[in-house]
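Me: I've got a fold open on my screen and I'd like to learn how to read its inside. Can you walk me through it?

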Amino acid sequence: MNSKVLVADGCDETRKNILDTLQQIGVKNVVEAADAAATISVFTQKAFELVLIDWNLATDGDQNVVQEIHNLNQDVPIVVTTTANEKETIVGQAKDAGATDFLIKPFTDVTLQNIIDTHVGAHSA
């Protein structure tokens with residue numbers, strides 16, 4: 001799969017797990033970012049078909065990275081990763097900022113594959 005995916009998560013281990021899972025399901029063109037500034041910088045320099053971003057990174061201080069990405073390109077799906085405990089409290093904020101979908105951690109390869117198929121398939125159709 002040639003889709004270019006941006007993975008933004010402040011936790012090195014979580015980011016590595018997501019990257020490994022993407023590789024296993026055939027997504028080879030992945031760029032990673034470890035903080036809000038790097039996420040915006042990388043996003044503005046390359047064309048992505050999907051952004052996977054951790055909510056805690058996305059709301060770093062006063063900055064809302066989801067909203068910034070959405071404002072830069074409203075056509076790119078933004079999937080917010082979060083824990084089940086956080087989901088109830090962040091859904092409204094994330095959707096208002098431009099999030100397209102949510103991925104609850106921990107997730108399976110199948111769940112991530114479904115997210116990729118849903119959003120990259122819809123985006124490239």
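This is a predicted model: local features need pLDDT of at least 70, side-chain atom pairs count only at pLDDT 80 or more; totals for chains, interfaces and linings use all residues.

Me: If I click on Val-80, what does Val-80 touch beyond four places away in sequence?

Reply: Quite a list: Ile-53, Trp-55, Val-66, Ile-90, Ala-94, Ala-99, Asp-101, Phe-102 and Leu-103.

Me: OK, on to charges. How many salt bridges are there?

Reply: The count is 5. To spot one, look for a Lys or Arg side-chain nitrogen within 4 Å of an Asp or Glu carboxyl oxygen. Take Lys-16 and Asp-20, whose side chains meet with N to O at 2.7 Å. Both sit in helix α1, 4 residues apart, which puts about one helical turn between them. Asp-20 is partly exposed, at 31% relative accessible area.

Me: Which salt bridge links Lys-105 to another part of the chain?

Reply: Lys-105 pairs with Asp-54, the closest N and O atoms being 2.6 Å apart. That joins distant parts of the chain: Lys-105 is in strand β5 (residues 101-105) and Asp-54 in strand β3 (residues 50-54), 51 residues apart.

Me: Are those two partners buried or exposed?

Reply: The cut-off for buried is under 20% relative accessible area. Lys-105 comes in at 19%, so Lys-105 is buried, and Asp-54 is buried too, at 6%. Asp-9 joins in as well: Asp-9, Asp-54 and Lys-105 are linked in a network of salt bridges.

Me: What about Glu-32 and Arg-15?

Reply: Their side chains form a salt bridge, 2.7 Å from N to O. This pair also links distant parts of the chain, with Glu-32 in strand β2 (residues 29-33) and Arg-15 in helix α1 (residues 12-24), 17 residues apart. Check the two ends separately: Arg-15 counts as buried at 8% relative accessibility, whereas Glu-32 is partly exposed at 43%.

Technical notes
Residues are numbered from 1 along each chain as its sequence is written. Side-chain values use heavy atoms; hydrogens and water are left out. Helices (H or I, at least four residues) and strands (E, at least two) are DSSP runs, numbered from the N terminus. Buried means under 20% relative accessible area, exposed over 50%, partly exposed in between (1.4 Å probe, protein chains only). Contact means heavy atoms within 4.5 Å.
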